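Please look through the sequence and the structure shown below before reading the report.

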Amino acid sequence: VDLLIAREDIDTVHEVFHAQGWVLAAGIRGHWVSSQWSYRTERSDALSTSVDIHWRLTNRPQLHHALSYQEVFRRAVSPDGRFPFAHTISSVHALVHAVVHLVAHHADEHIPVLWYLDIASLERSLSRGERLEAVSILRARGLLEIAAQVWQASALEIGFQPSEETAFLLHHPTTATDSWRFSAQTRAGQVFADLAALSWRARVGYLREVLFPPEDNLRAAYGDEAENTPLWRLYARRFLQRGIRRPKGG
């Protein structure tokens, strides 16, 4: 489950999950390197539940401007009986989010057919006015070329035949925007693309988190055997191993 929250509610969300017995799952998280945290609770010996808490729509800084929490919440659908405590994203924003999420986090999959099918289904479910609004958002945020790459790939892979309102994306030029492909290929590529998209001041914080992840997350990533290990040894171990490497069975 993924939940989008306001940035000012981060501390409260941490307090609530900790109070309910949830634990921060393994993974390196900070304020710049990642815009999310994962909480986990055991439901049985074989089954557990994870909730990803996001305070931005995506971890990629070059796409942070796509939709803000405030925009999403203003158009969100009120809770219903299935999910009585959370609003759900509007259909228009869901289409924009589907494009952003694909190119930011799943573009390196061999054939991300499920994402293409979702986008095709969403596009068909919208009214003409909603499709035009989604296109307007993509255009205003400078994301038309990215959307065009997705539309064209969807047409090639699943035979996507978009509506009249978005069909122009099948012929929209895509050569000028290629950074999203680079940012999704490798971890090093993501770091360089992120740095290029950030301000000079933000780059300092980003690099600090890349080199020295937050202590609580670093200990969570290494597991129980790291509880009493000096922090400097964990950092040294991470550098020597070129990342997080836990013992087999650990």
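Predicted model: local features only at pLDDT ≥ 70, side-chain atom pairs only at ≥ 80, totals over all residues.

## Strand pairing

Strand 4, which covers residues 48-54, pairs with strand 1, made up of residues 2-4, and the two run in the parallel sense over 3 bridges. Within this pairing, Asp2 has Asp52 of strand 4 as its bridge partner.

Strand 4 is also joined to strand 3, residues 36-42, and here the two strands run antiparallel, with 7 bridges between them. In strand 4, the residue that stands opposite Glu42 is Ser48.

Side chains of opposite charge can pair when their charged atoms come close. The structure holds 6 salt bridges, and one of them is formed by Asp194 and Arg60, whose closest N and O atoms are 2.6 Å apart. This pair links distant parts of the chain, since Asp194 belongs to helix 8 (residues 187-197), whereas Arg60 is found in the loop between strand 4 and helix 2, and the two residues are 134 residues apart.

Are these two residues buried or exposed? Asp194 counts as buried because its relative accessibility is 0%, and Arg60, with a relative accessible area of 3%, is buried too. Both assignments rest on the cut-off for a buried residue, which is a relative accessible area under 20%.

Another salt bridge is made by the side chains of Arg75 and Glu133, with a distance of 2.4 Å from N to O.

The term partly exposed applies to values between the cut-off for buried, under 20%, and the cut-off for exposed, over 50%.

## A network of salt bridges

Which residues are linked in a network of salt bridges? The network consists of Glu123, Arg128, Arg131 and Glu165. Within it, the side chains of Glu123 and Arg131 meet in a salt bridge with an N to O distance of 3.8 Å, and both Glu123 and Arg131 are buried.

Conventions
Residues numbered from 1 in each chain as written. Heavy atoms only, no water. Pairing = 2+ DSSP bridges. Helix = DSSP H or I, 4+ residues; strand = E, 2+ residues; numbered from the N terminus. Salt bridge = Lys/Arg side-chain N within 4 Å of Asp/Glu carboxyl O. Buried < 20%, exposed > 50% of the residue type's maximum accessible area, 1.4 Å probe, protein only.
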